Each structure stands twice: as structure tokens, then as C-alpha cells.
Amino acid sequence: MEFGEVTLYPVNGHGPEDVVVDGEGRIYTGVDDGRILRLSPDGQHIDVIADTGGRPLGLELYGEDELLICDARAGLLVAPLSGGAVSALATSALGLDFVFCNNAAVASDGTIYFTDSSRRFGIDHWRDDLIEQTAGGRLLRRSPDGSIDLLLDGLQFANGVALAPDESFVAVAETGAFSVSRVWLGDGRTDVFADGLWGFPDNISTGTDGLIWITQASPRVAALDVVRRLPAFLRAGIRRLPASAQPRPGREVGVLGVAADGRVVHAFRGEIPGFHMLVGVREWQGQLYFGSLEEPAIAVTPTIG
């Protein structure tokens with residue numbers, strides 16, 4: 001299904017990667033200069049509520065008065081919703097510093113499930129991880145007491161995280177594997193939630209409609225599939241090329257709304273004028289809010305096209 005009418009909300013910044021909406025309909029996002037922004041429900045007014053000094057990616061509401069921030073450079077952070085200083089919850093886990101803290105989901109008891117995308121490549125070289133297929137991504141769990149344990153390792157560019165509405169499982173997107181895995185929190189079983197995706201999955205989130213929404217930032221890139229099969233020395237040579245000479249994502253984007261049983265309820269796919277690299281999604285009361293790695297705006301559209 002094609003997208004319905006899409007409205008763009010300029011954000012006075014570049015790359016509003018993720019979006020989250022509070023109970024009053026206000027929209028939060030982070031841009032690539034480190035600022036955390038809050039937009040009025042109509043997008044007409046913007047406040048700066050924090051500055052991480054890094055590169056904020058995934059955002060989640062945390063408790064009653066804080067915003068959880070996955071910062072690719074600074075780690076797992078929190079900031080007051082009222083504005084103020086940012087503080088760190090974690091910058092490392094299990095003896096390893098975070099290389100690429102990416103996305104999170106927060107359980108009702110305050111437990112945080114979050115990803116560290118790669119052991120080798122940070123955000124400035126995210127394409128390199130997709131080329132090399134390092135399988136160095138981790139899904140981690142931070143308990144309310146501050147302890148952190150490992151749920152999944154060896155992920156192909158661990159990315160978006162979402163909890164089932166009943167918190168029976170946590171889902172994690174593997175961008176490099178075109179799939180979404182899940183861990184059942186009762187017994188630790190792991191299985192596939194969605195696979196064979198036509199595009200690169202990025203952030204995922206659980207909507208007010210009870211669906212898990214999965215972004216697809218770009219169609220699969222045929223040239224990248226070829227590069228990934230080349231010998232290591234040739235892959236390394238391609239990684240040294242300017243970004244403009246490397247395999248590039250397309251402008252087509254998509255989102256899926258998937259029920260907890262894996263049934264696809266909504267599937268949107270197509271080009272959105274003035275908007276591409278759709279990497280963040282949030283459903284709130286029948287509206288979809290999209291973030292982008294590349295645009296200076298977020299996009300809003302109804303769930304029914």
C-alpha cells in the first residue's frame with residue numbers, strides 16, 4: 001500500500017533519526033549536532049530541551065519525567081523532559097565500551113533493552129559494518145538496579161528494539177540480515193519475528209495500537225550484495241572510497257505494522273516527496289511519525305492511507 005497524505009515538520013537541524021510522542025502529543029527527536037528537540041503537536045513550535053554533545057539516535061520516554069537517549073557516541077543517557085543536564089546511565093557493558101549505542105525499549109518496571117550495533121564500526125562508518133558483515137551487534141538489558149546483561153550477541157548490525165505489548169518478548173532488528181529476531185523473556189528462547197524483508201530494517205517501536213512498527217530505510221542494494229561477496233582486500237578497498245562512490249541507498253521507503261503473532265496488519269511502501277532514509281517510526285493515536293537519517297524534517301501521516 002502506498003503512503004497516504006504526508007506532512008513534513010521541519011526541525012531546524014539535520015537527521016532527526018528517531019521520534020517519540022508524549023501523552024500531550026508533543027514530539028521529541030534528536031539531530032546530528034547533539035540537540036534534543038521537542039515539537040508542539042502541530043510542529044509549529046520547537047524547544048531545545050537538551051544537548052548530548054554526541055549523536056542522539058533512539059529515544060524513549062523513561063518514567064514520568066525523563067527521556068532515555070541512545071547516543072551513538074556518548075552511550076545510554078537520560079535527560080529531564082523539562083530541560084536540563086544530560087546524565088549517563090551506561091557507557092560500557094560486560095567489559096566492552098559501547099561503540100554504537102543505537103536504539104532501546106523500556107519495560108513497565110524500568111528495565112531497558114537496548115542495542116550496541118557493532119563492536120568495530122561507529123556511526124561515522126556504519127556502511128562499513130554492512131559491507132563487512134561483522135556480526136558484532138549486541139542486544140543488552142539494563143535492570144532497574146543498574147546491572148547489565150547480554151540477551152543476544154553476534155547480530156548483523158543490531159538496530160531497533162521493541163517490546164511486545166504484554167512484554168512477553170523483546171524484538172530486535174538486524175539491519176544487515178534483513179530480519180527482526182525476538183527473545184522470549186520468560187524462558188530466553190530466540191526465534192524470528194520477521195524475515196525476508198525487501199529493505200533494510202532500522203528502528204522499530206511498539207505503537208499505541210499494540211502493533212510493532214518496523215521501518216525499512218531503503219530497498220536492498222544489488223551492488224552491496226555483490227560487494228559483500230568479494231574477498232576481504234577488495235571489500236577494504238571499497239570501504240576506503242568516498243561515500244559517493246560506494247553502494248548507495250534508494251529513495252523508496254517503507255514501514256510494516258506487525259501484530260505480536262507475526263501477522264502483518266499494515267504495509268506501506270513507496271517514495272515520499274522530500275523525504276528519504278526513513279529510519280524512525282512511532283505510531284500514536286492513529287498517526288505515524290517518521291524520522292530520517294538524512295532529512296531536515298520529520299514526517300507525519302495517518303495509519304490508514
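Leu8 stands opposite Ala299 in strand E26. Strands here are DSSP runs of E with at least two residues, numbered from the N terminus, as are helices, which are H or I runs of at least four. The model is predicted: local features need pLDDT of at least 70, side-chain atom pairs count only at pLDDT 80 or more, and totals for chains, interfaces and linings use all residues. Residues are numbered from 1 along each chain as its sequence is written, and side-chain values use heavy atoms, with hydrogens and water left out.

The pair Leu8 and Ala299 belongs to the contact between E1 and E26 (residues 297–302), which is antiparallel and spans 4 bridges. Two strands count as paired if DSSP finds at least two bridges between them. E1 and E26 are part of an open sheet of 4 strands, ordered E1-E26-E25-E24, with antiparallel pairing. Strand E1 (7–10) and strand E24 (278–284) stand at the edges; each has a single partner strand, so one side of each lacks a neighbour in the sheet. Neighbouring strands of this sheet are turned by 25° against each other on average, direction ignored. Axes for such angles are lines fitted to C-alpha atoms, for helices over the stretch in contact, and angles run from 0 to 180 degrees between N-to-C directions.

Another open sheet holds 4 strands in the order E2-E3-E4-E5, again with antiparallel pairing. Its edges are strand E2 (19–21) and strand E5 (46–51). Each has a single partner strand, so one side of each is left without a neighbour in the sheet. Neighbouring strands are turned by 25° on average, direction ignored. Within this sheet, E3 (residues 27–30) and E4 (residues 35–39) run antiparallel and are joined by 4 bridges. Thr29 has Leu37 in E4 as its bridge partner.
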